Amino acid sequence: MAKVRILIFTLVLFFSLNVHIHGFYLPGVAPQDFQMGDALMVKVNKLTSTKTQLPYSYYSLPYCRPEHIVDSAENLGEVLRGDRIENSPFVFKMRESQMCAAVCRVKLDKKTAKAFKEKIADEYRVNMILDNLPLVVPVQRPDQDNVVVYQHGFHVGLKGIFAGKKEEKYFIHNHLTFTVRYHRDIQTDSSRIVGFEVKPFSVKHEYEGQWNEKARLTTCDPHTKRAVTNSESPQEVEEGNEIIFTYDVDFQESEVKWASRWDTYLLMADDQIHWFSIVNSMMIVLFLSGMVAMIMLRTLYRDISNYNQLESHEEALEETGWKLVHGDVFRPPTNPELLCVYAGTGVQCFGMILVTMIFACLGFLSPSNRGGLMTAMLLLWVFMGLLAGYASSRLYKTLRGTEWKRNALKTAFMFPATVFVAFFVLNAIIWGQKSSGAVPFGTMFALVVLWFGISVPLVFIGGYIGFRKPAPEDPVKTNKIPRQIPTQAWYMNPIFSILIGGILPFGAVFIELFFILTSIWLHQFYYIFGFLFIVFIILIITCAEITVVLCYFQLCSEDYQWWWRSYLTSGSSAVYLFLYAVFYFYTKLEITKLVSAVLYFGYMLIVSYVFFVFTGAIGFYACFWFTRLIYSSVKID
């Protein structure tokens, strides 16, 4: 029977892998074949700036518009990221180059000139999309020969000073030289797009006679083969000036296949730094593992052997004091319900992060599936409410609680409500700035429906299942009268001990944290999920081990109040995460506006709060297992 099951499992696995290899594509990222002359529709996305962190829609500026602006259907993650994808007046034909195609002419008034100047001053970039590939600007790295990096989008314009003058002027990039790279199938002569690049120029176009759609430009003429190659005569942004928007398109055949077209976007030039991060984290883990091994194999083994040989009380007291508090170590802590809520929420965060990491490592959440990562995290958070309710109720019953419905209600609302209120306030600030990053009312309503309609019921279902199961018995009986805790040494002070415990977990991840913050706030792709998953495992081990070590020292000092301290010890790493975010703000970002600074610190507070709940739960459950293990191994008279 067992062999039959193994055979069936093998066949199912084989066919599932076979389907995955030959016929599975993520929604929206399947390859599209184009024949020569097929229309290629360029879409425009939001305007972004690392100085303000406030995205705006492309048509918030008086750019050339198509006859009808059509919004593309965005998923939940794209809306939350501020993506606003719309059609554009740029229309290419596959493998048919164009030179100096005029899009439109715009005459600036006071309002439109001011809008362009503000966006140029704040270094906004224009983002476009062709066949799901984002537009990039190739830039040669000055420190390395033959190494090209790709910047996402092109600047709206630039600031400069005319020769012999002191006043700073604003110039707009009104001529775009596009390069579309394609891979051609020799048998079918069809092509797939594998690259979308641009070089922007600022050109003050001139023409003869009156302007009309067929007017010939003297500064850029396909008939005389006169192309724009520099910005020697730039187009100034000033009230009353007219701006003519033009573009070139060049198609270049590439050996890069469609399956590898994202490789250049996701090129990781700093892999040595990531390996250094892994080695650094591994050293921390080895150090802590050595300490835990010494405690478990030497100290605890000796202690348990001595206790089981019925040594005298004086001899046992000379060795260690952790057995002396056996009658109080499982005494419920202060605010036990709150601890259960945070422990259950931490399990929910852990489940969400773990499954997200696995999906990301398998390639399901690649950047080609825009908004996929955010959408997956939200949906996983909602469905992990089942684990939150179960873990919270199990611990609540272990701590002799009886009101499981009230406990489940707090688990379902306390953490999400805190995050939602903070998010709502930040969203109101973004909405006040008229930014496209503001979440629309419909999306906000959808988030509330996911919370109340799915997450809350799942928390109650998990709570019911968890509370129905019999509570695990404590290894030792709890005394009726609490034991007096002796005066502790300065280094065992709760605040000092908790803050020291958070340093090592943060030290295991801070190098990778730099790349994560860079991808979020400097608008770069993050796709090194393999490294991140290794660091994630190291973080779990570090949180568990440092908490167990400090918990053992605490029990040896005859301090049995370990419940909350075990949670706060590893959870305090969130304090260092936020301090690092402050350091990153002042050293790497160029944010000058108060609103942008409020948004940055507001979102980093939310991230730190999630990190606190997640790491705190790891440390707590590690200590919960550790204390039950050691006290179940000794004979208590």
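Predicted model: local features only at pLDDT ≥ 70, side-chain atom pairs only at ≥ 80, totals over all residues.
**Entry 1: two helices meeting.** I began with helix α6 (residues 336-361) and helix α14 (residues 563-571). Their axes come within 11 Å and cross at roughly 35°, and the crossing is left-handed. Which residues meet there? I found Leu338, Leu339, Tyr342 and Ala343 on the α6 side, and Trp563, Trp564 and Tyr567 on the α14 side. I then sorted the residues of this contact by type: seven are nonpolar, none is polar and none is charged.

Entry 2: I looked up what Trp563 touches beyond its neighbours within four places in sequence. Its contacts include Leu339, Leu395, Leu399, Phe620 and Phe624, and also Arg331.

**Entry 3: the cores.** Next I asked how many residues the largest nonpolar core has. The count is 99, and Trp563 is listed among the residues with the most contacts inside it, along with Leu555, Trp562, Tyr600, Phe620 and Tyr631. Helix α16 (residues 594-631) gives this core its largest share, 18 residues. I also noted a second, separate core of 55 residues, which includes Val106, Ala115, Ile120 and Phe245. A handy reminder for me: in soluble globular proteins, nonpolar side chains tend to be buried together.

**Entry 4: helix α8.** Helix α8 (residues 385-398) has 14 residues and spans 20 Å from first C-alpha to last, close to the 20 Å expected. Among its buried residues are Gly385, Ala388, Ser392, Leu395 and Tyr396. The buried residues of α8 pack against α6, α7, α9, α10, α14 and α16. Just after α8, I spotted Arg400 with a positive phi of about 70°.

Definitions and conventions:
Residues numbered from 1 in each chain as written. Heavy atoms only, no water. Axes fitted to C-alpha atoms, helices over the stretch in contact; angles between N-to-C directions. Helix = DSSP H or I, 4+ residues; strand = E, 2+ residues; numbered from the N terminus. Left-handed = near helix turned anticlockwise from the far one by under 90°. Contact = heavy atoms within 4.5 Å. Nonpolar A, V, L, I, M, F, W, Y, C, P; charged D, E, K, R; others polar. Core = buried A, V, L, I, M, F, W, Y, C linked by side-chain atoms within 4.5 Å. Buried < 20%, exposed > 50% of the residue type's maximum accessible area, 1.4 Å probe, protein only. Expected span 1.5 Å × (residues − 1).
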